[in-house]
Amino acid sequence: MKENATEQFDILSNLASDFKKKRIIDLFKADPNRMDTFSIETAGLHLDASKQLLDNTVYAQLTKFAVKMGVPEAVENMFRGGIVNPTENRAALHVALRSSKPSDPWIPENIMSDVHNVLSKIENFVADVVSGRLKSSTGIPITDILMIGVGGSNLGPKLVCTALRENESTRLRIKFLDHLDGKGFDNLKHQLDPESTFCVIASKSFTTSETLQNAAIVEKWMDSSLKDNQRTKSQFIAITADKGKALSYGIPKDNIFRIWDWVGGRYSVWSAMGLPIALKFGFTAFKEFLAGAESMDDHFRSAPIERNMPIMLGMLGVWNVNFLGAHSYAAIPYEERLRELPSYLQQLEMESNGKRIDLNDTPIDYDSAPVTWGALGIDAQHSFSQLLHQGTRFIPVDFIISLTPPKKYMTNHDVLLANCMAQAKALMIGGNSGGTEANPHKEMTGNRPSSIISMEALDAKTLGALIALYEHKTYVQSVVWKINPFDQWGVNLGKEFAASIFADLSETSSTEEHDPSTEEQIKRYKNLRNNS
């Protein structure tokens with residue numbers, strides 16, 4: 001990282017040594033225009049980073065650092081379909097999925113044509129289901145959609161379906177099956193009627209073991225009621241890049257929705273993986289969701305670097321991690337509808353940037369992705385916020401809020417926003433809890449940085465923009481850290497080991513030799529299982 005921008009790196013290192021002794025509240029006193037400098041508004045979002053531990057000089061050097069590390073060129077390369085995933089020799093064109101442009105001179109014409117064809121298929125399918133024209137195999141209307149997936153295939157749709165729950169426009173109920181707890185499905189199936197349920201197998205490769213195992217359980221359950229496997233399979237949908245495997249599984253051709261190898265799982269909510277969103281809220285709402293992301297894309301691609309929201313958010317993270325020593329950061333939404341956001345961001349940021357090898361195949365000697373964690377704001381206040389205020393760790397925070405309250409609950413929303421603003425203020429200013437009497441146990445030192453990202457209202461457009469903001473922030477940081485954010489070989493290694501261990505647990509023999517601890521765990525489990 002340093003060799004590309006030695007001067008800026010050294011300047012920032014020296015500034016960081018000085019800033020560790022400064023107080024954020026004093027920076028406000030020194031700069032009356034601080035809010036203007038460190039606030040950006042676009043696509044229905046407002047970023048207030050004025051409570052971060054930096055000033056104009058630091059930020060100017062951060063933007064220079066981003067330029068020296070090639071962020072502007074990398075952004076353009078991604079939008080133009082360049083190879084940004086070198087270990088798999090792929091582009092990462094999730095931005096094409098939400099482009100409303102009929103064509104883009106930088107993106108191969110066949111890609112945009114394919115994207116729009118799949119969108120048309122989604123639109124027609126949603127219209128047929130919602131109108132009742134498409135019925136189950138027994139001739140009754142469809143009432144439920146069961147999304148069977150894991151990781152990015154489910155985290156995105158689940159986040160959106162939870163966040164937009166006040167805007168549902170169809171009678172369909174959406175359920176998610178993304179774990180292997182058999183008892184969990186036992187509880188879930190009592191909410192479903194096999195005769196009126198359509199099941200979505202969401203797997204890009206159509207080989208994801210957890211997803212296929214759950215699909216087998218669901219298929220068996222439906223067979224027991226429908227008494228005809230062909231009828232059962234007619235109520236299955238596949239979202240996959242491998243049409244052949246889906247056809248071999250028995251999925252009808254018209255029920256297969258395409259996804260492409262240039263769409264990573266954690267970037268796939270904009271693709272056919274978003275089908276449950278369109279079914280629950282209508283195709284128009286899904287298009288608005290895509291439009292919100294496209295607005296952020298346009299801003300990311302065209303806004304000046306110093307007034308570019310994803311770049312500001314990304315470079316603030318670089319400043320906190322690589323120069324001020326943060327090893328984690330918390331994402332805390334003060335909006336119950338965004339309860340799934342921390343989990344989504346955990347995968348997006350840590351699976352993307354949790355790497356130790358740079359693009360030159362060399363081990364890096366600096367920190368990459370911090371640990372991303374968080375929870376709903378009120379829950380956080382009564383669990384881990386104590387550590388944020390008085391712990392020994394340096395942990396920056398992103399607070400996420402919606403300025404428009406849910407229907408009928410304005411006072412509740414006022415309480416939420418008051419708590420959010422109070423937490424940000426207390427983190428920055430500190431003070432004595434419970435009065436003015438000096439007591440070290442009640443003292444908060446303050447000077448703990450945070451940003452507030454607010455939405456004018458939590459709707460399909462602003463949610464799309466918010467998710468795209470964090471996608472682009474993650475990409476900016478990957479460029480600075482010189483790593484590939486679009487592969488996940490650590491995940492794949494675990495899957496490979498799991499296959500051989502499963503073979504041993506299933507009484508068949510694997511060719512894999514395990515370490516002594518794993519061998520003992522296998523032995524203990526089999527002894528207990530066989531004696532139960």
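This is a predicted model: local features need pLDDT of at least 70, side-chain atom pairs count only at pLDDT 80 or more; totals for chains, interfaces and linings use all residues.
In what follows, Ala, Val, Leu, Ile, Met, Phe, Trp, Tyr, Cys and Pro count as nonpolar, Asp, Glu, Lys and Arg as charged, and the others, Gly among them, as polar.

## Enclosed spaces and the open pocket

Rolling a probe the size of a water molecule over the atoms shows where empty space is left. In this structure there are two cavities of 30 Å³ or more.

| Space | Volume | Largest share of the lining |
|---|---|---|
| Largest cavity | about 150 Å³ | H15, five residues |
| Second largest cavity | about 60 Å³ | H7, four residues |
| Largest pocket | about 1,000 Å³ | H21, six residues |

Let us take the largest cavity, with its volume of about 150 Å³. It is lined by 17 residues, and those closest to its centre are Gly317, Asn320, Tyr329, Pro396 and Lys473. Helix H15 (309–323), E8, E10 and H20 are the elements that give two or more residues to this lining. By class, the lining of the largest cavity divides into eight nonpolar, six polar and three charged residues.

The second largest cavity is lined by Leu97, Val115, Val118, Leu119, Ile122, Arg258, Trp260, Trp270, Ser271 and Ala272. Helix H7, which spans residues 109–131, supplies four of these residues. Here the classes come to eight nonpolar, one polar and one charged.

The largest pocket has a volume of about 1,000 Å³. Among the 42 residues lining this pocket, Ser205, Thr208, Gln488, Asn492 and Lys495 are the closest to its centre. Two or more lining residues come from each of helix H8 (152–163), helix H10 (209–226), H16 and H21. The pocket lining holds 16 nonpolar, 17 polar and nine charged residues.

## Aromatic rings

Now to the rings, where the structure holds 18 aromatic pairs. One of them joins Tyr334 and Phe399 in a tilted arrangement, at 6.1 Å centre to centre with 55° between the planes. This pair links distant parts of the chain, 65 residues apart: Tyr334 belongs to the loop between strand E8 (328–333) and helix H16 (341–353), while Phe399 belongs to strand E10 (residues 397–402). Tyr334 and Phe399 are both buried.

Why does the pair of Tyr475 and Phe486 count as tilted? Planes under 30 degrees apart count as stacked and those over 60 as edge-to-face. The planes of Tyr475 and Phe486 stand at 35°, with the ring centres 5.9 Å apart, so the pair is tilted. Tyr475 lies in helix H20 (residues 460–481) and Phe486 in the loop between H20 and helix H21 (489–505), so this pair ties together parts that are eleven residues apart in sequence. Both Tyr475 and Phe486 are buried.

Elsewhere, Phe9, Phe19, Phe65, Trp319 and Phe323 make up one aromatic cluster. Another charge over a ring involves Arg34, which lies over the face of Phe28 at 5.3 Å from the ring centre.

Is Asp144 buried or exposed? Asp144 has a relative accessible area of 0%, so this residue is buried. Asp144 is placed in strand E3 (residues 144–148). Its side chain makes a polar contact of 2.7 Å with the side chain of Thr143.

Note on methods. Residues are numbered from 1 along each chain as its sequence is written. Side-chain values use heavy atoms; hydrogens and water are left out. Rings of Phe, Tyr and Trp (its six-membered ring) pair if their centres lie within 6.5 Å; planes under 30 degrees apart count as stacked, over 60 as edge-to-face and the rest as tilted. Buried means under 20% relative accessible area, exposed over 50%, partly exposed in between (1.4 Å probe, protein chains only). A charge sits over a ring if NZ of Lys or CZ of Arg is within 6 Å of the ring centre and within 35 degrees of the ring normal. On a 1 Å grid over the protein atoms alone, a cavity is a set of points where a 1.4 Å probe fits but cannot get out, and a pocket is an open set with protein on both sides within 12 Å along at least five of seven lines; lining residues have an atom within 4 Å of a point. Grid points are joined across faces, edges and corners, and a volume is the space filled by probe spheres set on the points. A polar contact is a pair of N or O atoms within 3.5 Å; within protein, one must be able to donate a hydrogen and the other to accept it, and residues adjacent in sequence count only if both atoms are side-chain atoms.
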